Amino acid sequence: MSFTSSRPRFRKRRLAAAACVAAAVTAAAACSSGGGSSSTGASGTSGSTGTVTVAVVSNPLVTGQMIPLTQSVFEKENPGITVKFATYTEGDLRAAIEKDVSTHSNSFNAVMIGPYEAPLFAKNSWLVDLTKQYVASDPSYDASDLLPAVAKSLSYNGDLYAAPFYGESSMLYYNKTMLKAAGVTIPEHPTWTEVAAAAAKLNKPGSQAGICLRGLAGWGDNMASLDTVINTFGGEWYNPSWSAQLNSPADTAAINFYVNLIKADGETGASNDSFNQLLTLYGQGKCAMWYDSTVAATSLATTYPSVYANTGYAFAPVDKTTSSGWLWSWSLGIPQGVSDQSAAWKWISWATSKQYDSLVASKYGWSAVPPGSRTSLYSNPSYLKAAAPFANITLQSIDGTDPDHPTVNAVPYVGVQYVDIPQFETLGMTVGQQIAGAIAGTESVSQAISAAQSEASAYTPSELSGSN
């Protein structure tokens with residue numbers, strides 16, 4: 001299966017280490033070596049035995065399913081392979097992985113990355129080409145079954161460099177009982193104006209937030225949600241000449257809207273909240289509405305079944321565009337030069353296979369299956385029945401994204417909730433910190449916008465265009 005994607009080159013640089021800050025779920029230390037009894041070079045031609053140390057994000061589908069199933073099923077079926085996990089929060093994961101692969105430290109035999117990293121790392125020759133090395137000679141993996149939008153986002157020059165564990169867009173969740181009590185209705189395709197009006201009616205300070213939104217600093221945290229608002233409000237990070245636009249009228253309106261919506265009708269302490277915190281708040285009945293990843297529906301179904309049964313779903317809210325959901329996939333790649341590559345692929349191909357979906361269904365039910373990666377899942381009657389409330393909207397939202405044309409106006413970059421330049425790893429975090437400060441009230445929105453514009457303008461057009 002061939003997909004075209006050509007993305008800018010990552011500059012080799014050392015980031016401050018996210019040094020062993022997260023708890024390893026198994027006995028492995030987060031910074032332990034990935035070496036094992038069977039060693040391979042870049043060709044990965046030796047047998048599928050050895051130790052596979054994997055850096056993963058800490059979320060329910062990973063810690064609640066992938067890790068225990070690896071231990072109870074995969075390792076028993078493959079006694080020559082030991083899999084160790086190092087779990088990180090989202091921001092720490094990105095820092096740890098980039099440091100490791102850019103310096104060739106080889107701490108991890110497999111890494112959990114997404115559409116931002118995969119093409120950038122691939123162009124810099126930091127990842128194994130999965131298509132050439134494994135997929136092309138492994139028809140049982142059935143790469144043609146991967147959702148085209150997700151596979152394309154993880155590819156470079158037509159080849160796959162990371163295998164999707166699950167894929168996601170974004171959508172609006174709402175508590176049907178709370179909305180009914182307030183006399184509020186949400187259309188399937190809402191506008192942000194409609195959502196803000198509903199949040200004002202639903203907000204009960206101290207007990208029930210009208211809406212919960214990401215506020216934690218990070219390009220994959222608060223900026224992921226905010227970027228979709230900026231896009232649909234007609235804004236962008238840069239214009240075609242690579243002139244920063246964060247203080248443009250459209251961006252200013254979007255940022256003011258997002259921050260003020262949180263401050264007026266969002267959850268208390270929002271500047272500390274990302275996906276896991278908001279999943280808990282919504283699951284505990286403390287949010288009337290929640291805008292976040294489509295994968296949250298799967299977590300709600302398994303973790304908060306009573307709230308899940310009372311949840312309605314709507315597409316990502318819009319303003320000037322017809323759609324505004326993001327596109328992401330937590331996926332698994334193999335760094336170049338690490339040992340035990342064949343063992344790593346053996347595990348990756350298992351964890352991202354159709355057979356894994358069936359295993360999850362047998363253990364936890366079809367509604368718990370990782371969504372958004374394989375086409376066949378969306379023609380499976382058992383899954384469609386179990387996931388009926390959210391399956392179709394998830395698939396439509398993923399299919400409806402266009403990372404090549406994410407904004408109203410033309411832009412020189414690819415990406416809905418990120419900009420595919422190496423500088424964005426730092427820039428996105430820095431701007432996210434300014435937005436978090438505005439949400440927390442430590443600075444005004446205008447101060448945050450001014451500082452964000454200054455940061456985005458610090459790179460010259462030639463530096464930015466030279467990344468492409």
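I started with strand β6, where six of the six residues are buried, so β6 is largely enclosed by the rest of the structure. I note here that the model is predicted.

Next I looked up the pairing of β6. β6 and β10 are joined by five bridges in the antiparallel sense.

I then placed the pair in its sheet. The sheet is open and has five strands in the order β2-β1-β3-β10-β6, with mixed pairing. The edges are β2 (81–88) and β6 (163–168); each has a single partner strand, so one side of each lacks a neighbour in the sheet. From one strand to the next, I read an average twist of 15 degrees.

Within this sheet I also checked β1 (residues 50–57) against β3 (residues 110–113). The two run parallel and are joined by two bridges. For A55, the bridge partner in β3 is V111.

I asked which helix packs on the sheet. Helix α1 (residues 60–77) does, with contacts to β1, β2, β3, β6 and β10 (328–333). The direction of α1 makes about 170 degrees with that of β2.

I moved on to strand β7 (residues 170–175). Six of its six residues are buried, so β7 too is largely enclosed by the rest of the structure. I sorted its side chains by direction: S170, L172 and Y174 point one way, M171, Y173 and N175 the other way, and all are buried.

Then I looked for the partners of β7. Strand β8 (residues 289–293) runs antiparallel to β7, and five bridges join them. Strand β9 (residues 311–315) also pairs with β7 in the antiparallel sense, over five bridges. I followed Y173 both ways: its bridge partner in β8 is W290, and its bridge partner in β9 is Y313.

Last, I turned to the largest pocket. I recorded about 700 Å³ of space in it. Its lining has 34 residues, and T89, E90, G91, R94 and D221 lie nearest the centre. The elements giving two or more residues to this lining are α2 (90–102), β6, α10 (275–283), β10 and α17 (424–440). Which element gives the largest share of the lining? I found that α2 does, with five residues. Sorted by class, the lining of the largest pocket has 15 nonpolar, twelve polar and seven charged residues.

Key:
Residues are numbered from 1 along each chain as its sequence is written. This is a predicted model: local features need pLDDT of at least 70, side-chain atom pairs count only at pLDDT 80 or more; totals for chains, interfaces and linings use all residues. Side-chain values use heavy atoms; hydrogens and water are left out. Two strands pair if DSSP finds at least two bridges between them. Helices (H or I, at least four residues) and strands (E, at least two) are DSSP runs, numbered from the N terminus. Axes are lines fitted to C-alpha atoms, for helices over the stretch in contact, and angles run from 0 to 180 degrees between N-to-C directions. Contact means heavy atoms within 4.5 Å. On a 1 Å grid over the protein atoms alone, a cavity is a set of points where a 1.4 Å probe fits but cannot get out, and a pocket is an open set with protein on both sides within 12 Å along at least five of seven lines; lining residues have an atom within 4 Å of a point. Grid points are joined across faces, edges and corners, and a volume is the space filled by probe spheres set on the points. Ala, Val, Leu, Ile, Met, Phe, Trp, Tyr, Cys and Pro count as nonpolar, Asp, Glu, Lys and Arg as charged, and the others, Gly among them, as polar. Buried means under 20% relative accessible area, exposed over 50%, partly exposed in between (1.4 Å probe, protein chains only).
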